[in-house]
Amino acid sequence: MALGLSVIFGVVRVVNFAHGEMMTVAMYAATVLFAGLGLDPFLSIIPVAVAFFFFGYALQRALINPFITRPEHSQFMLLLAVALIIVNGLLMIFGPSARSVQVDYQLESFEIGGILVDKARLYAALAAVATAAGLFAFFRTTRAGKAIRACADNHLGALVVGLDVKKLYALTFGLGAVCVAVAGCAMVLLVDVTPPLGPAYTLLAFVIVIVGGLGSMPGALLGGVLIGVSEALAGLLVAPSAKGMFSFGLLILILLFRPQGLLGKRD
Amino acid sequence: MSRAQASLAVLGAALVAFPFIAGNYALSVATLILYFAYTGQAWNVMMGFAGQLSLGHALYVGVGAYAAAGLFYHYGLGPWAGLWLAILLCVAMGLIVGFLAFRFGISGVYFALLTIAFAEFTRIGFDHLDWLGGPGGLFLKVAQRDTWDLANFRGPPLMYYYAMLALCFLALLLCSRLLGSKAGYYWQAIREDEEAAQALGINTFRWKMLAVAISSAMTAVSGVFFAFYYNNLFPEQIFHISRSIEIILGPIIGGIGTLFGPILGAALLTLLSDGITDGLAALGWEIPGIKQVFYGVVLLAVIMFLPNGVWPYIAKRLKL
């Protein structure tokens, strides 16, 4: 999920404040597909991701592109309004109670070298890595991927050589939304979904992305692992409820000493 | 007297007279509007004047509220003493955040995220501070509500209304003075182009620090008000990011960097949210969340079509 945020910020330079909210939409989609069609959440990644690509594409084209040149606080407000609509739209449709998906392999686990690993968690991690690998390949090898990286490097230069920047931005936002969809479908197996989950995950994604480096894809993965490990350690050593403090403490330190993040490049 | 001053005088008189015609409910809505107008004004000093986007102003509301409430709760010291501690603590916090951010050249989105990080950090910290109630909350004794006990800031809703009105008026006065002062012009220069301001010999670090200090001190006062008006404090609520966002919605909708934007924005948003509640209740639609969806749509429309806020648009129409 953090990967999607990083991709969007890296290229489009808009901070997506509706990111966690979009993920809860994906989670609800997965629960609905499971309840209605009996589709395994990992299989529902495909239809949800496709739908999210078009959703992200349309969102960028219709709402965000006119805001690209506006000041930051104005973009922030725009996405905040979108987030507000999403959270409460979900509340209207699904109600406030938590929803979850039960599959038979949820409680099973593998034993790897004496360590027990949940099957669901392992599959979720695999899905994340696969998506990341796919994105890497896309950005490195395809024409569109190269064009997007050109836009990120130099907006004006990309315009001069005749790239359709607005379309590429929309494409990028669509791809970011795909990452969100994958994360959402995988997350359904790990946590129950409620409408207010969104804002908390938006914050978490920000912490991860900034620690790793905004706009850097390997950074987002590194940040995710780092925050996960530090929260687990803090929960073990101090108090489980204080673990968030460590994440934000880490965030403050990173912002002070390396604002571009661990693997980010300076603007 | 210019047209603008005359309109302001009429508005002021109307607000002073308001409680005589209004019921208790209208009075509480008006108090809420004034509260957001005042806090928005405080935020506007930092963002609207000096161009530093803070998304963590709940930090100062919360610290201010807890400082005054803690003194009252544990030592029986009234808010007039607690106020100074609140201001002192908040200015210190603001200066720490500002010092760290500005010293390391952090601005824009990164500064905004840093302010969120500090607010969240403090929120979780207060959750573990049992002396101030922890996650279970801190409750102040609700005293007799029909006598004016100014020393302990306890009294009927009318007292809180007038206190907030006075604060709003003082804030407006202070902000208009600030805008016309040397500091105001330096801030605007920094907001428009920080590098150019620095090239002209403005010590941008010092002036940005001043903006943060003034803004956090003003916000500390709203924290104290919050504590004694609502009488209960939960870290989960007061430091939450949605609080910070509530504070900044008013000035952004009303018009960033203007004097009347925060006031107009607070009034519009509070009345809108109330109107939506009443309207939906009248229609018999009791679906949870529908109110916020409407709110979001209206917000979206304002941002899309009036990017500079509502006040500049109205001011132009009225030729103020």
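Modeller: The account below takes the interface, then a cavity, then the salt bridges.

This is a predicted model, in which local features need pLDDT of at least 70 and side-chain atom pairs count only at pLDDT 80 or more, while totals for chains, interfaces and linings use all residues. Residues are numbered from 1 along each chain as its sequence is written, chains are lettered from A and ligands numbered from 1 in the order in which they are written, and side-chain values use heavy atoms, with hydrogens and water left out.

Chain B brings 40 residues to the contact and chain A brings 37, contact meaning heavy atoms within 4.5 Å. On the side of chain B that touches chain A, the elements giving two or more residues are helix 4 (79-103), helix 5 (109-127), helix 11 (241-254) and helix 13 (290-305) of chain B. Helices here are DSSP runs (H or I, at least four residues), numbered from the N terminus. Helix 5 of chain B supplies the largest share of that side, 11 residues. By class, that side has 33 nonpolar residues, six polar and one charged; Ala, Val, Leu, Ile, Met, Phe, Trp, Tyr, Cys and Pro count as nonpolar, Asp, Glu, Lys and Arg as charged, and the others, Gly among them, as polar.

Across this interface the rule finds zero salt bridges, a salt bridge being a side-chain nitrogen of Lys or Arg within 4 Å of a carboxyl oxygen of Asp or Glu. The whole structure, over all chains, has five salt bridges. In one of them, the side chains of B:E236 and B:R123 meet at 3.1 Å, N to O. Because B:E236 lies in helix 10 (residues 235-238) of chain B and B:R123 in helix 5 of chain B, the pair ties together parts that are 113 residues apart in sequence.

Residues of both chains, including A:H73, A:S74, B:I252 and B:V302, line the second largest cavity, a cavity being a set of points on a 1 Å grid over the protein atoms alone where a 1.4 Å probe fits but cannot get out, with lining residues having an atom within 4 Å of a point. Helix 4 (72-94) of chain A, together with helix 11 and helix 13 of chain B, gives two or more residues to this lining.

Definitions and conventions
1 Å grid on protein atoms, 1.4 Å probe; cavity = no way out; pocket = protein on both sides within 12 Å on 5 of 7 lines; lining within 4 Å.
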